Amino acid sequence: MASSSQTPHFHPNPGKSKSFQSKSRNHRNVNFHWNFGIRKLILRRSQGLSVLSSSSSSTHFSNSRLHGLCANGKLEEAIKLVTSMQELRVSVDEDAFVALVRLCEWKRAHEEGSMVYSIAMSSMSSLGVELGNAFLAMFVRFGNLVDAWYVFGKMSERDLFSWNVLVGGYAKQGYFDEAMCLYHRMLWVGGVKPDVYTFPCVLRTCGGIPDLARGREVHVHVVRYGYELEIDVVNALITMYVKCGDVKSARLVFDRMPRRDLISWNAMISGYFENGLCHEGLVLFFVMRGLSVVPDLMTMTSVISACELLGDGRLGREIHAYVISSGFAVDISVCNSLTQMYLYAGSWREAEKVFSRMERKDIVSWTTMISGYEYNFFPRKAIDTYRMMDQDCVKPDEIAVAAVLSACATLGDLDTGLRLNNRCFEALIFFRQMKMTLQPNAITLTAALAACARIGALMCGKEIHAHVLRTGVGLDDFLPNALLDMYVRCGRMNIAWNLFNSQKNDVSSWNILLTGYSERGQGSVVVELFDRMVKSRVRPDEITFISLLCACSKSQMVKEGLMYFSRMEEYGVTPNLKHYACVVDLLGRAGELEEAHSFIQRMPVIPDPAVWGALLNACRIHRDIKLGELSAKRIFEQDKESVGYYILLCNLYADCNKWREVARVRRMMKENGLTVDAGCSWVEVKGKVHAFLSDDKYHPQTKEINTVLERFYEKMREDGVTKTSSMGETEISRDEIFCGHSERKAIAFGLINTVPGMPIWVTKNLNMCESCHETVKFISKTVRREISVRDAEHFHHFRDGECSCGD
């Protein structure tokens, strides 16, 4: 590990300092016994030392009162008193200052501590050992190393405590080189001998770098100063050696210990595991048990993790039995480790048993199960567990979000993916937070790109692309295809083509482009791409033919689609139900409904709801109620829970003005407890994604958005291009429910907040209704802007009052 790049500047003889009231960073606590120190100071007789020499009774009374306030923890009153003493030029005893500083430290009072320091330094040229140590301890505890170093420089003399505190402060904040530099200065410049508290800190620093050479040098110092028998120091030596990868030396130190505590055993056992020597670590664990040393939680979690790494299911079950018999099964961290061990060994049923028996679950418990299901190729279980976590009011972390997004992508389940859309924002927030402290790996970046693609967050996607180019992470993995998919789904086909031509392309790369053009209804381009793919000696797969057949369907290329379907087995691909559904859609969209029905009846496999759903959609397009009702009947015999089929049937009846039937289907949905997802649209403006729900009345610009839309509606009525006036109340209600018109709000927001002429890109979770389609066509012509709307099935590119879909 390299030393930190955040090295603070050293000022051995500081003359000037930045504001002492600067905000300090959080860090681990340094244990100081505040209350004990205060009581000790109160009992001490006054030495007559004060900031301003005074022997008056008022001075003695004020200092005594200040001592009392500090002893009782009344910080606010103490600060008021010391401030008034300064204004009245009443001197403050050094003991009183020490008590006040320790109270500030104990109460984590950053601002008050800096104020006390300023008051003290306003009348002191240097600090004594005790007051200096108090300020040092306070600033180190607050993570304020700049002021801590300044205090260190102002001390007239320093003792071992001064050096230990500062060395520990730098080490805990990751400034390992600076901590080692201070240690050497303590020895050779300060002439101070280290003690039992110095060495553990310095040795942890050597392990943190890691620097084996320095660690060995400190080991020599341990022996020289006679601390080789101190158990805390020897434990730190073991930890240093294993962190530096020298397990052999760590074991020598361990074997030579005259006595060991549980920390000694844990350090050596976990050291083996950390260096990949799981077998040796487990052997030592059994030796420990043979000597009747009782393990603790740290021991058990380490051992369980080793079983996971070894993939030894039998040993894992034996350890599990020991966990139960020894009473560790009630601990949440041990249960989490057991769950992960079983999941990554493929024993997911055992993991489910452990998980279900947990009395309390934290975010790690839920995340372990979700990511474990995804790892074991159970995406549906991962999504169901994610829903359970949501119902349990547990907020997901970035790992859970990434895992469930990956599960949705694996399923290709649009409905489920849409229900989890609100998590895409969280995924991107988590990603940006992670980049500040951690280096994201290829899996994390892929999950973040999936979220960008889902909601059309192009700028964030470009940020990730730039990060990938800077770091080179994942360039030889699946990340290039994730980038390609992001640009395609955000509608930037030119960028996608450039990326495609600059990388090594596999079948997934070709499929992404084929799917992109298929969604845009550009069948001829898809056919041309497929021919190029075959000539490039890339073997098509199942997804390739789904994209190809969908493109032919949307472009009315029936002859070509049937030809490709008949040739699938020539490429080693056996048609599955999705391919049969595509052929039904191909025939149905072209108006050949009876042929589509006959095709279903001739299928060599039993048609599923998706196949009948394709026919139902075709019946909706061509308003064939009889065949549509037959299709719906076959669907509901197999699936009564998918909302999409009810919506298709409602739309069929609505288009045929069968409003009573619409109401009947709506009742069926209500009886089955089904609800339609709320319409939601996203638009990216100035790098920030804004979401709009169908019934959103709380957006800060709602009034402006509604005003803009009303002006367009009024102009549409004047020009006679709106159908709203001829629509019945039921039809308007239908559109509100199944469309929601959320894209109109997103477009209006884009018009308000972007410069004239700039294209607007909107992503929507539901299909556009006919009314919205006509409205956006009118808006694009009126404002002379290009507007792109990606709904659940299509890309609609509006320009000069025309749409790329041809409707």
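This is a predicted model: local features need pLDDT of at least 70, side-chain atom pairs count only at pLDDT 80 or more; totals for chains, interfaces and linings use all residues.
**Entry 1: α16 and α18**

The axes of α16 (residues 297-310) and α18 (residues 332-344) cross at roughly 5 degrees. Angles under 35 degrees count as roughly parallel, so α16 and α18 are roughly parallel to each other. Their axes come within 9 Å.

Next I listed the residues that meet. From α16 I noted Leu297, Met300, Thr301, Ile304, Cys307 and Glu308. On the α18 side I found Ser333, Val334, Ser337, Leu338, Gln340, Met341 and Tyr344. I sorted this contact by class: eight residues are nonpolar, four are polar and one is charged.

**Entry 2: the sheet**

I turned to the strands. In what order do the six strands of the open sheet stand? I read β2-β1-β3-β4-β5-β6, with mixed pairing. I then checked the edges. β2 (688-693) and β6 each have a single partner strand, so one side of each is left without a neighbour in the sheet.

I went through some of the pairs. β1 (residues 680-685) and β3 (residues 760-764) are antiparallel and share three bridges. Within this pair, I found Trp682 bridged to Thr763 of β3.

How many bridges join β4 to β5? I noted four, between β4 (residues 787-790) and β5 (residues 795-799), and the two strands run antiparallel. Ile787 has Phe798 in β5 as its bridge partner. The link from β4 to β5 is a hairpin through four residues.

I moved on to β6 (residues 802-803). Two bridges join β6 to β5, again in the antiparallel sense. Here I saw Arg799 opposite Glu802 of β6. The hairpin of β5 and β6 has two residues between the strands. In that hairpin I picked out Asp800, which takes a positive phi near 50 degrees.

Which helix lies across β4, β5 and β6? I found α42 (residues 770-783) there, running at about 35 degrees to β5.

**Entry 3: whole chain**

The protein chain has 42 helices and six strands. I counted 52% of its 807 residues as buried.

Notes: Residues are numbered from 1 along each chain as its sequence is written. Side-chain values use heavy atoms; hydrogens and water are left out. Axes are lines fitted to C-alpha atoms, for helices over the stretch in contact, and angles run from 0 to 180 degrees between N-to-C directions. Angles under 35 degrees count as roughly parallel, over 145 as roughly antiparallel, 65 to 115 as roughly perpendicular and the rest as oblique. Contact means heavy atoms within 4.5 Å. Ala, Val, Leu, Ile, Met, Phe, Trp, Tyr, Cys and Pro count as nonpolar, Asp, Glu, Lys and Arg as charged, and the others, Gly among them, as polar. Two strands pair if DSSP finds at least two bridges between them. Buried means under 20% relative accessible area, exposed over 50%, partly exposed in between (1.4 Å probe, protein chains only).
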